[in-house]
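Visitor: Please show me the model, and then I will ask about a few parts of it.

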Amino acid sequence: SGSSDPYCVVKVDNEVVARTATVWKSLNPFWGEEYTLRLPCGFRNLSVYVLDEDTIGQDDIIGKVSLSHQQISAEPRGVDSWLSLSPVDPDKEVQGEIHLELQVTMQGHPRMLRCHLIEARDLAPRDLSGTSDPFARVSCCGHTLETAVIKKTRFPHWDEVLEFELAEGELGQAVLSVELWDWDIVGKNDFLGRVEFPLDTICTDPTKGWFQLLPFPSTAADPRGQLGALRLAVRLVEDRVLPLSYYQPLIQLLTEPILRPGQPLIGTALAVLEEVTSGESRQDVATKLVKIFLGQGLVVPLLDYLTACELARTTDPNILFRSNSLASKSVEQFMKVVGLPYLHEVLKPVVNRIFEEKKYVELDPGKMELSRSRRISFKGSLSEAQVRDSSLELLKGYLRDIVDAIVGSVEKCPLLMRMAFKQLRRRVEERFPSVQHKEVQYFSISGFLFLRFFAPAVLTPKLFSLREQHADPRTGRTLLLLAK
């Protein structure tokens with residue numbers, strides 16, 4: 001059809017940790033999915049594979065993006081850019097670890113390098129049986145030795161010691177290379193992975209442990225974007241969590257203006273946070289603040305304090321809560337944490353119906369596909385006016401159902417949300433009491449409730465767990481027009 005059905009698989013050290021939804025019939029897919037992964041401290045590599053889902057047969061691999069631990073940790077603010085996809089040969093993807101003990105004798109002449117190959121695990125299957133016939137090839141200073149072949153296994157156990165004589169002067173830039181191969185009786189052996197160790201490090205400190213197998217350095221020509229590119233945002237955050245008592249002074253500092261009202265709105269820890277955080281970091285700060293104050297049972301007073309701070313420095317009611325301030329981000333995060341079950345109860349029936357009906361809806365004459373509209377008259381395709389009128393009626397019908405569901409859901413709305421918005425309305429009314437600003441108190445609430453809560457969920461239901469898959473292009477267009 002000239003298109004693909006792409007989805008992504010995320011791997012950490014060759015272990016699958018996440019899979020996105022499939023975007024059907026698209027060469028320009030949008031996922032917008034976010035994952036928080038708990039990673040081992042010593043992880044080496046994060047890879048994102050882009051695949052094309054096939055109804056019949058095996059899915060096709062389009063390409064991948066790989067980032068090493070060093071690449072990610074070198075960017076404190078994270079990696080956020082378009083990255084070209086590199087080709088993937090499934091037969092050359094390595095995985096697994098090898099258990100080694102390496103030591104250089106410090107006495108005697110000549111000195112000896114002792115390489116104890118203990119075992120390996122989770123090797124890539126290279127044979128039709130789903131296993132391999134692995135052996136190890138160890139090279140150092142121009143000499144090569146091999147272990148025995150262990151048949152039909154991905155978890156070989158050798159327990160062999162290979163020794164090399166080291167001539168004087170060979171320890172400078174010398175490297176010990178350990179390669180694993182799958183032995184084949186016919187044809188070439190298949191590569192399973194490799195590790196390397198500088199000899200000088202082994203001399204100073206004997207090495208023992210499990211080591212991740214790595215591929216050969218790539219010699220393939222740069223495809224220069226021929227496979228496409230993936231927009232990826234990755235950030236590594238290392239948190240050291242201490243006992244709760246260590247955080248009590250910080251919690252007291254943050255909650256002091258809440259527990260002792262009447263203090264000036266400047267100079268407190270919460271007010272300073274607004275000044276020292278950038279737009280990029282406010283989402284994280286707001287998320288953590290909401291969690292802390294929910295745990296303290298003070299989340300509604302927190303939102304009241306932050307919105308009061310923003311109201312105090314706002315002179316034009318038309319721009320109230322329009323920026324990505326700490327108050328706006330905190331209210332947005334609060335609604336996601338507290339109101340997600342409520343959102344599902346209100347929107348899910350209508351959203352499910354839109355997905356199931358797959359009606360053709362379009363209001364823009366430049367985007368109308370008259371020949372593809374579902375209802376065809378006996379005289380041929382529908383006219384532009386007919387498609388527009390039909391689309392308008394469908395959108396009004398869907399919108400009416402959504403508005404009726406929202407208006408009728410007052411009793412279902414979480415109590416904390418209702419308390420927070422009641423207090424917000426009172427604060428706005430106090431700040432802008434004149435008759436000409438009477439509607440501002442309602443706009444401030446609707447700006448949060450509709451623009452930051454209901455409308456985004458209608459636009460991308462997958463991101464709010466309303467659907468398991470992203471919408472197809474036709475349904476996605478309906479949702480976009482409906483959200484607008």
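Visitor: Leaving aside its neighbours within four places in sequence, which residues is Thr277 in contact with?
Guide: This is a predicted model, in which local features need pLDDT of at least 70, side-chain atom pairs count only at pLDDT 80 or more, and totals for chains, interfaces and linings use all residues. Residues are numbered from 1 along each chain as its sequence is written, and side-chain values use heavy atoms, with hydrogens and water left out. Contact means heavy atoms within 4.5 Å. With the neighbours within four places set aside, the contacts of Thr277 are Arg282 and Val285.

Visitor: Is Thr277 buried or exposed?
Guide: Thr277 lies in the loop between helix H4 (269-276) and helix H5 (282-296). Buried means under 20% relative accessible area, exposed over 50%, and partly exposed in between (1.4 Å probe, protein chains only). Because its relative accessibility is 11%, Thr277 counts as buried.

Visitor: Which backbone oxygen does the side chain of Thr277 reach?
Guide: The distance is 2.7 Å. The oxygen belongs to Leu273.

Visitor: Which helices do the buried residues of H8 pack against?
Guide: Helices (H or I, at least four residues) and strands (E, at least two) are DSSP runs, numbered from the N terminus. In H8 (residues 384-407), the buried residues include Val387, Ser391 and Leu395. The buried residues pack against helix H7 (326-357), helix H10 (440-459) and helix H11 (473-483).

Visitor: In what order do the four strands form the open sheet?
Guide: Two strands pair if DSSP finds at least two bridges between them. Seven bridges join strand S1 (residues 6-12) to strand S3 (residues 45-52). The pairing in the sheet is antiparallel, and the order is S2-S1-S3-S4.

Definitions and conventions. Expected span 1.5 Å × (residues − 1). Polar contact = N/O pair within 3.5 Å; in protein donor to acceptor, adjacent residues only side chain to side chain.
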